[in-house]
Amino acid sequence: MWWAEYGWFGLAALAAAVVLGLAAVLTVVRIVRGPSLLDRIIASDVLLVIISCGLLIWMAVSSDFSALPMVFLASVIGFLGSVTVARVTASSAATQMPVEGTGPDSTHGAGTERGDSA
């Protein structure tokens, strides 16, 4: 048992690895089930963070920091992906919003002329 030689630190690392493993399984379930594309994209970003945390735990236990560039790269990719999805979602929502006064339930021109007061 590798965690026995590290004492409480090894036990904490094992507990964190178990929690991260459970979170990764639940995140993969969310990626598979959806229900929407946005949920799947967010879940894949969360899975990237979980993998980064697992690498950080491994680096702390083994005192080998060779995976640090991978964690940094995963963080940058996750950030840029989230910003890109947010911008695309916001721009598509803005183009789908109806212009005021042009919808089927519009009251534009229904008895209110300029100069009329109610």
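Guide: A16 sits in helix α1, which covers residues 8-33; helices here are DSSP runs of H or I with at least four residues, strands are runs of E with at least two, and both are numbered from the N terminus. The model is predicted, with residues numbered from 1 along each chain as its sequence is written, and local features need pLDDT of at least 70, while side-chain atom pairs count only at pLDDT 80 or more. Totals for chains, interfaces and linings use all residues, and side-chain values rest on heavy atoms, with hydrogens and water left out.

With a relative accessible area of 26%, A16 is partly exposed; on this scale, buried means under 20%, exposed means over 50%, and partly exposed lies in between, with a 1.4 Å probe and protein chains only. The C-alpha atom of A16 lies 8.4 Å from that of G54, although 38 residues separate the two in sequence.

Helix α1 also holds T27. T27 counts as buried because its relative accessible area is 9%. A polar atom of the T27 side chain lies 2.6 Å from the backbone oxygen of A23. Such a polar contact is a pair of N or O atoms within 3.5 Å; within protein, one must be able to donate a hydrogen and the other to accept it, and residues adjacent in sequence count only if both atoms are side-chain atoms. Neighbours within four places in sequence set aside, T27 touches A43, V46, L47 and I50, where contact means heavy atoms within 4.5 Å.

Helix α2 spans residues 37-62 and includes S44. This serine is partly exposed, at 37% relative accessibility. Between S44 and R30, which are 14 residues apart along the chain, the C-alpha separation is 8.9 Å.

Two loops deserve attention. P35 lies in the loop between α1 and α2, and the peptide bond joining G34 to P35 is cis, with omega of about 10°. In the loop between α2 and α3 stands S63. This residue is not a glycine, yet its phi is positive, at about 55°. S63 is exposed, its relative accessible area being 55%.

Helix α3, residues 68-96, contains L80, which is partly exposed at 48% relative accessible area.

For the chain as a whole, the pattern along the sequence is α-α-α, with three helices and zero strands. Of its 118 residues, 14% are buried. The chain exposes about 9000 Å², 70% of it supplied by carbon and sulfur atoms; areas come from the Shrake-Rupley method with a 1.4 Å probe, and for residues only the protein chains shown count as cover. Among contacts between residues at least 6 apart in sequence, 38% join residues at least 24 apart.

An unreviewed UniProt entry annotates residues 6-29, 41-61 and 67-88 as "transmembrane region"; positions follow the numbering used here, feature names are shortened, and annotations may be inferred rather than shown by experiment. Residues 6-29 are 92% helix and 0% strand, with their end C-alpha atoms 33 Å apart. Residues 67-88 are 95% helix and 0% strand, with end C-alpha atoms 32 Å apart.
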